[in-house]
Every structure is written in structure tokens, then in C-alpha cells.
Protein chains: 2
Amino acid sequence: MGTRVSAVQRWLAGILQDRIAPAAVRLELADGTSAYAGPEPASGSLVVRDTRVILGLLVNPHLYFGEAYMAGRLDVRGGLERVVEAVSRLSLLPSPIERITSPLTIANDQTRARRNVHHHYDLGNDFYQSWLDDQMVYTCAYFEHPDMSLEEAQRAKLDLVCRKLRLQPGETVVEAGCGWGALALHMARSYGVRVKAFNVSREQIAYARERAAREGLDARVEFIDDDYRNVDGEYDAFVSVGMLEHVGLKHFGSLADVLSRVLRRGRGRGLLHFIGRDIPRPLNAWVVRRIFPGAYAPTLAEVATKVLEPARMSIIDVENLRLHYARTLAHWGARFGAIHETVLARYGESFRRAWELYLAGSEAAFAVGSLQLFQVVFSPLETAPPYWARTEMYTESPAGQGRHQLPWVAATR
Amino acid sequence: MGTRVSAVQRWLAGILQDRIAPAAVRLELADGTSAYAGPEPASGSLVVRDTRVILGLLVNPHLYFGEAYMAGRLDVRGGLERVVEAVSRLSLLPSPIERITSPLTIANDQTRARRNVHHHYDLGNDFYQSWLDDQMVYTCAYFEHPDMSLEEAQRAKLDLVCRKLRLQPGETVVEAGCGWGALALHMARSYGVRVKAFNVSREQIAYARERAAREGLDARVEFIDDDYRNVDGEYDAFVSVGMLEHVGLKHFGSLADVLSRVLRRGRGRGLLHFIGRDIPRPLNAWVVRRIFPGAYAPTLAEVATKVLEPARMSIIDVENLRLHYARTLAHWGARFGAIHETVLARYGESFRRAWELYLAGSEAAFAVGSLQLFQVVFSPLETAPPYWARTEMYTESPAGQGRHQLPWVAATR
């Protein structure tokens with residue numbers, strides 16, 4: 001406080017304030033002053049300490065907001081998630097600078113893919129353990145009932161995926177990108193299937209293998225430290241939860257090859273669960289730089305034309321669960337906030353601030369609707385879909401039933 | 001029988017027999033002979049009477065099968081739907097000739113659109129009345145339980161559409177392409193909404209208006225004899241069941257304009273119910289020539305990129321009901337078969353054969369999976385979706401409840 005603010009800074013601050021005022025966000029300078037004249041009460045404040053921050057926010061807000069926040073040169077009052085949400089409602093269109101980086105230029109070959117995954121997922125299993133649910137599921141949960149706990153909602157999600165795939169005892173499943181193994185283990189444990197699960201995160205695979213052994217499921221679940229592109233064999237079902245975002249548009253053809261190889265015409269079905277968009281645009285530049293290198297959230301149409309059509313798959317069912325991801329992130333954010341001191345001590349302030357912003361910003365994006373969460377069920381062309389009516393996903397008891405006989409096909413004649 | 005078959009005809013017949021043998025279909029010539037050597041028992045026979053038919057089937061089967069069948073120069077033994085299904089499994093890829101007619105060349109301006117609709121839908125209300133359900137619903141039914149009657153399944157479909165839209169009493173709905181008015185009347189009667197329903201079929205509109213008056217619903221449902229492109233005003237919901245197939249790819253932008261005009265940012269939701277494809281390709285050439293001039297069945301991705309993205313809509317839910325359409329068509333086919341003599345007396349043999357083939361061929365296409373039936377729910381970008389979990393579509397009682405408050409949005413904070 002008491003700091004002197006130059007005339008240039010005050011002039012630039014006025015321009016920035018005009019841009020964010022419609023979102024009811026105040027811009028506060030180091031001397032405590034503000035030129036805010038937007039709706040009252042304001043939903044929160046951005047507090048900036050120097051001219052460089054203001055310039056950065058004017059020129060490339062998508063990247064610079066995160067950079068400045070992470071470095072502690074920008075602060076937020078009134079709830080980080082709330083302010084980020086308000087600001088993000090203003091900027092649905094990508095800035096010209098974001099446009100320069102075409103998603104098609106992202107090349108995630110196998111070496112790069114492994115490095116990208118390592119950057120995020122190998123931060124230490126105990127780090128994730130301290131704020132994820134008890135099964136370590138690091139993807140959108142399914143709050144079947146709005147008052148479910150995070151633990152219950154993650155179990156409900158695992159179950160939803162299995163029901164959508166209509167898994168039957170004795171079937172074989174391949175999973176691409178298996179995290180710490182929760183889904184693979186759930187499928188084997190509760191649905192009696194055999195699973196091959198692929199992942200390129202060393203730490204996750206080690207954790208998953210140990211868990212399979214501890215639960216006596218290691219004969220039915222094989223965790224494989226390899227890239228999705230190297231999946232081989234044929235299976236009754238293919239599933240991938242939260243991996244497509246890391247594949248990159250340029251490599252959707254490789255995923256199509258995998259699908260058409262492992263699910264052959266006339267049998268099988270698959271499910272893709274991924275963060276998506278309504279309109280094609282790159283992910284936030286700061287998130288790609290600091291949190292998820294190489295990531296891209298595709299539209300449903302991009303997945304349909306670049307993965308499912310070339311793989312000759314028929315779309316059976318699509319569900320958009322974005323509000324469930326907003327709630328999942330709210331849970332994660334609250335748990336992360338509770339271990340503030342531990343994270344600070346172990347990883348330092350800029351890491352802590354980066355993750356705080358990433359969780360709050362993602363929650364805002366799903367709540368506002370600038371990010372979507374799609375679950376897509378598909379089967380090879382001309383294959384009988386796994387159910388007659390989707391109500392079967394919700395009303396029938398899991399597992400244990402006889403193989404689905406598709407009785408209607410005969411009955412139609 | 002006893003007809004002489006030339007050596008040339010026998011040679012051409014051999015080539016055609018080789019093509020269709022994998023589908024277990026025999027080719028029988030006018031003298032009763034066949035060179036069939038495929039799987040036994042064969043699933044049925046094509047009976048041809050002259051060389052021209054064989055040539056036509058070799059050169060352009062998609063068009064010529066229908067033309068020859070309609071003219072009575074080709075007969076089928078063993079069940080028309082079964083044989084057409086078997087043959088259609090062989091020919092998933094369009095023939096080179098079909099490729100020449102790009103879907104983008106189909107220009108359905110308002111005059112042409114009216115003429116196309118007149119061709120099919122103005123055949124006489126009593127014609128349709130004699131084989132449709134009691135409410136005259138001429139789109140895919142929803143057999144919620146597999147043993148439902150056609151009447152029950154059509155009512156279940158109307159209800160499914162209303163539940164997916166989560167209609168609330170007092171809301172306003174616009175319907176594009178309303179047929180004989182069953183959905184519009186159902187929405188007003190059971191969900192207490194006010195409806196404007198558009199259609200360019202004179203006969204259908206007249207019928208619908210009379211029905212509304214008879215039921216005392218004419219103050220709440222307005223039937224408008226006009227093109228979908230002229231829809232104006234703002235509404236809580238947009239719905240279109242079975243019209244998109246008649247719009248044509250070239251005019252998807254006009255539909256996008258309508259959507260973005262009638263559903264504004266931040267409110268409302270819509271549903272498109274249409275016959276679609278897994279991979280882009282024109283409709284069967286014979287169906288376009290004889291049954292549905294100007295028609296095109298788009299992929300989900302084509303609808304997403306050419307209608308929903310330009311209209312700035314977010315996809316909330318997609319369901320593929322193709323097996324329900326196969327069963328609907330089986331019901332229609334059986335009812336149509338039962339009025340064989342009446343149709344023959346009134347419209348003549350070639351009309352009767354054309355319709356018999358159209359119904360059987362469509363049933364086969366949906367059963368095999370060369371046609372799909374998509375229901376897509378969407379809402380303007382950044383609008384809260386109409387439900388938290390889709391189970392609400394199936395478990396809650398229709399209508400009568402208070403307006404949906406989206407409680408989770410607050411609860412997430």
C-alpha cells in the first residue's frame with residue numbers, strides 16, 4: 001500500500017477496468033485505488049502490483065492471468081473460482097494470440113506423450129492421494145444424487161461407465177489411459193471381466209499393480225506400461241476415460257486405428273470419456289504451458305469425424321456431464337485448499353498458486369460451459385447396440401446377468 | 001416359365017449371382033434355373049424376367065432394384081425385408097453412380113421444399129390413416145417396453161421428447177415440421193405449454209387444425225402453414241421431429257439461423273430428431289427419386305458443424321434409436337400389407353410395390369445399421385442444461401411440477 005502509481009499505469013488500468021467491469025470485477029491498484037464503475041456489488045477484485053501485469057492482461061489475458069497469478073504478482077479477492085468464472089464469461093472467443101497456435105501443430109509422438117504425462121501425473125502418488133477420493137479417480141465424477149460425497153460419486157461414475165458398456169462376466173476389456181487403475185479394478189471386481197489397462201505414467205502403473213496384487217485381482221487385470229498406440233489384440237469392449245484430451249488432434253487417426261483394430265465389425269462396443277468443447281478452439285494457453293502440455297479438448301464433431309468415422313464406428317449414446325465436472329472440481333479445490341501448508345512446504349508457492357488457479361479455473365470453465373465433458377458410447381458399424389433402451393443403463397442390476405441376447409432383432413421380423 | 005433364356009442373359013446372371021451369393025440370396029431366371037452356390041439354406045430369391053433387369057442391377061443396383069421391383073420386373077421370394085436386408089449388408093459403400101449426386105447439389109428452396117413435401121405427405125390423409133397409429137405419428141416410435149403396441153410406442157415417443165425438453169407449464173414451444181400435429185397437441189395437452197407449429201403440407205395442416213379445434217386446444221396450439229425458415233419470435237424450446245431429413249445439407253445454415261434467432265444465449269433448449277448416418281453418403285437413389293425427393297440423412301458431425309456450431313448451441317444429449325425405427329417400420333409394413341387390395345385399387349400396382357419396397361427397405365436399413373435415428377438435445381452456449389442427471393428424464397412424473405430451479409449451480413459454489 002502507499003505505493004506510488006504512475007500515470008501510465010493508471011491509464012492502462014482504466015482500459016483493463018473497462019474490459020472486466022461487465023463481469024462486475026474491480027481492478028485494484030497497489031495504492032488501493034480503483035476506477036471501477038460496474039454493477040454493485042462487485043463479484044470480486046483483481047489486485048495488481050505493477051504495469052507489466054496490466055499490460056500482460058491486456059495483450060494476452062489467457063496466458064498472462066495464470067502466469068501473473070502463479071508468480072504472486074496478481075491477487076484475487078472475493079473467491080478465485082467466482083472471479084475467474086465472471087471474467088471467463090467475457091472471453092469466450094480465443095484471443096488472436098491463442099489462435100496462432102493451431103491444435104494441429106501439437107505433435108505428441110510417443111516420447112513427447114510420455115514426457116507430457118510425466119510432467120503432470122508423476123508429481124508423486126502421495127500428492128494426489130492427499131486430495132483425490134479414496135480410489136484415486138482423477139476424472140469427472142457422476143453425482144447421481146446431488147448430495148453424494150466425492151467418494152460415492154466416483155464409484156457411481158465407474159459404475160455408470162460399466163453399465164453404459166453393458167459389461168458381462170467373462171468378457172475382455174482394453175483400457176487406454178488407466179490412471180491409478182480404479183476403473184480397471186472396478187470392472188474386474190464388480191463385473192467379472194478381464195482387463196488389459198495401458199498407461200505411460202510409471203508412478204501410476206506401479207501404484208495400480210500393487211493395488212491389483214493386494215486385492216488379488218492381478219490374474220484378471222494386467223497393467224501395461226505402454227502407449228495407447230501399441231494396444232493390440234481383440235476385445236469385447238474398449239474404454240478410455242480422460243485420455244483423449246492428451247492425444248492431440250493430429251493423432252486422432254492413430255486412435256482410430258487402435259479402435260478399428262481392437263473392435264472388429266459385428267461385435268464389441270466402446271466408450272470415450274473426455275473434456276470437450278462446443279466450438280473448436282485451443283485450450284487455455286496458460287493451462288497448456290503450466291499444467292497439461294500437449295493437451296487439446298476436441299468438439300464432439302472432431303471426435304466423430306477424426307476418430308469414430310475413420311474407425312467405422314456408429315455413435316449410440318452421448319451424454320454431456322459438464323456440471324458434474326464443475327462439482328467434482330469444487331470438491332478437489334476444497335480438499336486442495338485444506339492442504340495449503342503441506343503443498344507450500346513441499347512444492348513452493350508458485351506451484352501452489354498454479355494448482356489453485358488450475359482447479360478454480362477449470363471449475364469455472366465447466367460451470368460456465370466453456371468446457372464440456374462428453375461420454376460417447378459407440379460400436380462398430382452394423383453391430384447391434386448393447387441395449388434396446390437406455391433406461392436399461394439405469395434400472396438393471398450390475399453384472400451377474402446372462403449375456404444380453406438382443407431379443408428384439410428376431411422379434412422385429 | 002418355360003421361357004427361353006439367352007446365353008448372354010445367363011452369363012450376366014452368373015456375374016450378378018456371384019455378387020449376391022455371400023448374402024445367401026439366389027438369383028432365379030424366368031425358366032426357373034439358378035446358378036446359386038452360396039450358403040444353404042438361402043435366405044431368399046430374386047426372380048428376374050429379362051436381361052435389362054440384370055444389367056440394371058449390375059450397373060446401378062441402388063436405383064435399379066427399386067425401379068425394377070416397382071415395375072413388377074423383379075420379384076422377391078422369402079420375405080422382401082429379409083432379402084433386402086441381406087443384400088444391403090453387401091453394399092454399404094455407395095456405388096460410383098450414387099457418388100455423382102453430391103448432397104450439396106440438392107437445393108430445397110421454399111418452392112421446391114413445398115413441392116417435395118406435397119409429393120409425399122399430401123397423398124391423402126385417409127391413406128396414412130389406414131396404416132399409421134391412431135394419432136398419425138409418421139416418425140420413429142419409442143418402444144420403451146419391447147412388447148408395446150405401435151399406439152403405445154408413439155405415445156411413449158411423444159412423451160420422451162417432452163421429457164428430454166423438460167417442458168414446464170406456461171412455457172412456449174416452436175415446432176418445425178409438425179406432421180398431423182400429434183406432438184404439438186400432446187405438448188399442449190399434457191405439459192401445459194403454448195405451441196406454434198410450422199408445416200408446408202396443406203393436407204396435414206388442415207387435419208391438425210381441425211383436431212386442435214375438436215379437442216379445444218386451438219387457443220394453445222397455433223398451426224402455421226409456412227416454411228421453417230420463416231419461424232420468428234423467441235421461445236423456451238425448439239423441437240423438430242423428422243424434418244431435418246428434408247432440409248438438405250445446403251440449407252443447414254438456414255436452420256442454424258432459425259435456431260440462434262428463436263433460442264437466445266442464456267436460456268432455452270431444443271431437440272432435433274432425425275434419420276442420420278454413421279458415415280456421410282447420399283440416401284438411396286431410388287428412395288430419393290420415388291419416395292423422398294430432396295431428402296438427405298446427415299451424420300451427427302454434419303449436424304454439429306453445420307447447424308449447432310453456427311447456431312452456437314451446446315450438445316447435451318444424443319440417443320440413437322435405430323432399432324426402434326426398425327420395429328416401427330415392421331409395424332407399418334404389416335399394416336400396409338393388410339390393406340394391399342385397397343391401395344392397389346386406389347393407387348395402382350406400381351405405387352403399391354414402391355411403398356411396399358420403401359417400407360421393407362427402410363426397415364432393413366435401420367435393422368442392419370446403414371441408417372440411424374438420432375435424437376439430439378442442445379441449448380445455447382453457457383446455458384444451464386435442462387437437467388442435472390438424465391435419469392430425471394425417465395423417473396420424474398410428466399408436467400405439473402414447479403419450474404426447474406437448477407439448484408446445483410448454487411450448490412457447486
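**Helix α3 of chain B.** I looked up the burial of helix α3 (residues 61–70) of chain B: ten of its ten residues are buried, so the helix is largely enclosed by the rest of the structure. I call a residue buried if 20 or more other C-beta atoms lie within 10 Å of its own, exposed if 12 or fewer, and partly exposed in between, with C-beta atoms placed from the backbone. Helices (H or I, at least four residues) and strands (E, at least two) are DSSP runs, numbered from the N terminus. The buried residues of α3(B) include Pro61(B), His62(B), Glu67(B) and Met70(B). Just after α3(B), I noted a positive phi of about 75° at Gly72(B).

**Basis of the entries.** The model is predicted; local features need pLDDT of at least 70 and side-chain atom pairs count only at pLDDT 80 or more, while totals for chains, interfaces and linings use all residues. Residues are numbered from 1 along each chain as its sequence is written, and chains are lettered from A and ligands numbered from 1 in the order in which they are written.

**Ala237(B).** I found Ala237(B) in strand β7 (residues 237–241) of chain B. Ala237(B) is buried, because 27 other C-beta atoms lie within 10 Å. I then listed its contacts, two residues being in contact if their C-beta atoms, placed from the backbone, lie within 7 Å. Leaving aside neighbours within four places in sequence, Ala237(B) touches Leu165(B), Leu167(B), Glu171(B), Val173(B), Gly268(B), Arg269(B) and Gly270(B). I also checked Leu271(B), 34 residues away along the chain: its C-alpha atom and that of Ala237(B) are separated by 8.1 Å.

Most residues other than glycine have a negative phi, and most peptide bonds are trans. I looked for exceptions. In chain A, Glu40(A) and Pro41(A) are joined by a cis peptide bond with omega about -5°. Pro41(A) sits in the loop between β1 (25–28) and β2 (44–48) of chain A. In chain B, a cis bond with omega about -5° joins Glu40(B) and Pro41(B), and Pro41(B) is in the loop between β1 (25–28) and β2 (44–48) of chain B.

Ala24(A) has a positive phi, near 65°, and is located in the loop between α1 (7–20) and β1 of chain A. Ala24(A) counts as buried because 20 other C-beta atoms lie within 10 Å. Glu382(A) also has a positive phi, of about 65°, although it is not a glycine. I placed Glu382(A) in the loop between β10 (372–380) and α18 (391–395) of chain A. With 17 C-beta neighbours inside 10 Å, Glu382(A) is partly exposed.

The contact between the chains takes 36 residues from chain B and 36 residues from chain A. On the chain B side, β9(B) gives the most, with seven residues. I sorted the residues of that side into 20 nonpolar, eight polar and eight charged. For this, Ala, Val, Leu, Ile, Met, Phe, Trp, Tyr, Cys and Pro count as nonpolar, Asp, Glu, Lys and Arg as charged, and the others, Gly among them, as polar.

Strand β9 (residues 313–320) of chain A pairs with β9(B) in the antiparallel sense over three bridges; pairing requires that DSSP finds at least two bridges between two strands. Asp317(B) in β9(B) is the bridge partner of Glu319(A).

I superposed chain B on chain A by a rotation of 180° with 0.0 Å of shift along its axis (RMSD 0.0 Å). That is the relation of a two-fold axis. The superposition is by least squares on the C-alpha atoms of residues with pLDDT of at least 70 in both copies. I note that 100% of the interface residues of chain B are also interface residues in chain A, so the copies meet through the same surface.
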